[in-house]
Amino acid sequence: MRKTLGSLILTVGLLFGWGATFIHLTQLSLLQPGRLGQATTQLIKNSAVRSAMAGALGTALIPLFGGNAAISPAALDLIITKALANPQVDAEFQNAMNIAQGHLTGTDSGPIVLGGPAFSQEIAAQVAPYSTQVAQTVAQQGLAIKIPGSALPNLGTYAKQANKLEKLFIAIAALMLILSLIIHPSPGAVLRKVGLWLIGTSIIDAIVFWFIPTYILPQVAFSWAQITAAVLKATSGPATTFYVGMLAVGAIVLILGESVKKLV
């Protein structure tokens with residue numbers, strides 16, 4: 001009876017522990033202010049992102065060309081590439097990514113578009129060989145394009161409560177662990193399970209927050225996948241430290257549990 005109850009309490013505690021680690025990693029990555037802005041260099045270099053933005057540019061220009069696709073996809077891709085090479089346009093793109101980050105954390109609701117004086121002038125100059133009239137219209141009226149994949153979900157409510165939830169989950173997990181150690185007839189077995197859980201969780205979190213954005217998402221030819229990958233990869237330093245630390249602690253607790261089992 002004590003073994004069953006102790007194991008049940010431990011399982012509940014480990015579930016809350018997993019929740020705490022997941023919340024911690026989302027705060028390091030998705031909810032960290034400026035993450036998307038910091039990832040603009042990676043995004044600009046990504047062919048899937050540029051292709052999606054070239055498509056958005058073509059959609060924005062078609063009405064100005066009288067409903068005709070006057071510029072080929074390859075030419076549009078080149079135009080976007082040249083435009084993003086302009087430091088002023090890059091700054092406007094970074095601003096758009098910061099707004100997208102604000103959407104994610106619930107602190108901003110403005111349109112997520114690439115636009116502004118620098119972008120409009122750059123596009124006008126490159127469109128001029130195709131149509132001086134369209135170029136003049138863009139230069140005078142300005143042009144803004146939607147950034148495909150930046151319509152991120154609003155996690156504002158979660159973002160505001162994440163820190164409190166993490167502390168609460170850690171407290172519950174610690175309480176459950178203590179109760180389990182007291183109730184379970186074999187404290188060594190409890191520690192062994194905790195050690196294995198720490199090792200397993202560190203591996204799972206590494207897969208979700210490192211392996212997938214590093215090796216899987218970059219192979220997906222959609223801009224949203226590239227944006228997500230860039231955000232998660234931007235946290236590789238702090239996240240890696242977290243995985244390694246959890247793995248090391250897990251190994252220590254596992255060894256401690258084995259030692260206690262032999263002594264009892």
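Tutor: Let us begin with the term helix: here a helix is a DSSP run of H or I of at least four residues, numbered from the N terminus. In this predicted model, Ser202 lies in helix α10, which covers residues 187-216.

Student: Is Ser202 buried or exposed?

Tutor: A residue is called buried when its relative accessible area is under 20%. Ser202 has 3% relative accessibility and therefore counts as buried. Leaving aside residues up to four places away in sequence, Ser202 touches Tyr243, Met246 and Leu247.

Student: Where does Ser186 lie, and how is its accessibility to be read?

Tutor: Between the limits of 20% and 50%, the term is partly exposed. Ser186 is in the loop between α9 (156-183) and α10, and because its relative accessibility is 22%, Ser186 counts as partly exposed. Ser186 and Gly6 are 180 residues apart in sequence, with their C-alpha atoms 9.3 Å apart in space.

Student: What are the elements of the chain, and in which order do they run?

Tutor: The chain has 12 helices and 2 strands. From the N terminus on, the order is α-α-α-α-α-α-β-α-α-β-α-α-α-α. The radius of gyration is 25 Å, well over the 18 Å that the globule rule gives for 264 residues, so the chain is more spread out than a compact globule. Along the principal axes, the C-alpha atoms fill a box of roughly 85 × 30 × 30 Å.

Student: What share of the residues is buried, and what share of the contacts joins residues at least 24 apart?

Tutor: Of the 264 residues in the chain, 43% are buried. Among contacts between residues at least 6 apart in sequence, 79% join residues at least 24 apart. As for the surface, the chain exposes about 13,500 Å², of which carbon and sulfur atoms supply 67%.

Student: Which residues touch the most other members of the largest nonpolar core?

Tutor: The general idea is that nonpolar side chains in soluble globular proteins tend to be buried together. The largest nonpolar core here has 38 residues, and Leu57, Leu61, Phe93, Leu114 and Ile123 touch the most other members. At least two residues of this core come from each of α3 (40-45), α4, α5, α6 (87-105), α7 (117-127), α8 (132-141) and α11 (223-233). Apart from this core lies another, of 9 residues, among them Val194, Trp197, Leu198 and Met246.

Student: What does Phe93 touch?

Tutor: Not counting residues up to four places away in sequence, the contacts of Phe93 include Thr40, Leu43, Ile44 and Met53. Leu84, Leu114 and Ile147 are also touched by Phe93.

Student: Which residues of α7 are buried, and against which elements do they pack?

Tutor: In α7, the buried residues are Ala118, Phe119, Ser120, Ile123, Ala124, Gln126 and Val127. They pack against the helices α4, α5, α6 and α8, and against the strands β1 (113-115) and β2 (144-146).

Student: Where is Ile71 found, and what does it touch?

Tutor: Ile71 is found in the loop between α4 (47-61) and α5 (73-84). At 7% relative accessibility, Ile71 counts as buried. Beyond residues up to four places away in sequence, Ile71 touches Leu61, Phe65, Leu76, Ile79, Val127 and Tyr130. Ile71 and Gly58, 13 residues apart in sequence, are 7.5 Å apart in space, C-alpha to C-alpha.

How values were computed. Residues are numbered from 1 along each chain as its sequence is written. This is a predicted model: local features need pLDDT of at least 70, side-chain atom pairs count only at pLDDT 80 or more; totals for chains, interfaces and linings use all residues. Side-chain values use heavy atoms; hydrogens and water are left out. The radius of gyration is taken over C-alpha atoms; the globule rule is 2.2 Å times the number of residues to the power 0.38. Buried means under 20% relative accessible area, exposed over 50%, partly exposed in between (1.4 Å probe, protein chains only). Contact means heavy atoms within 4.5 Å. Accessible areas come from the Shrake-Rupley method with a 1.4 Å probe; for residues, only the protein chains shown count as cover. A nonpolar core is a set of buried Ala, Val, Leu, Ile, Met, Phe, Trp, Tyr and Cys residues joined through side-chain atoms within 4.5 Å.
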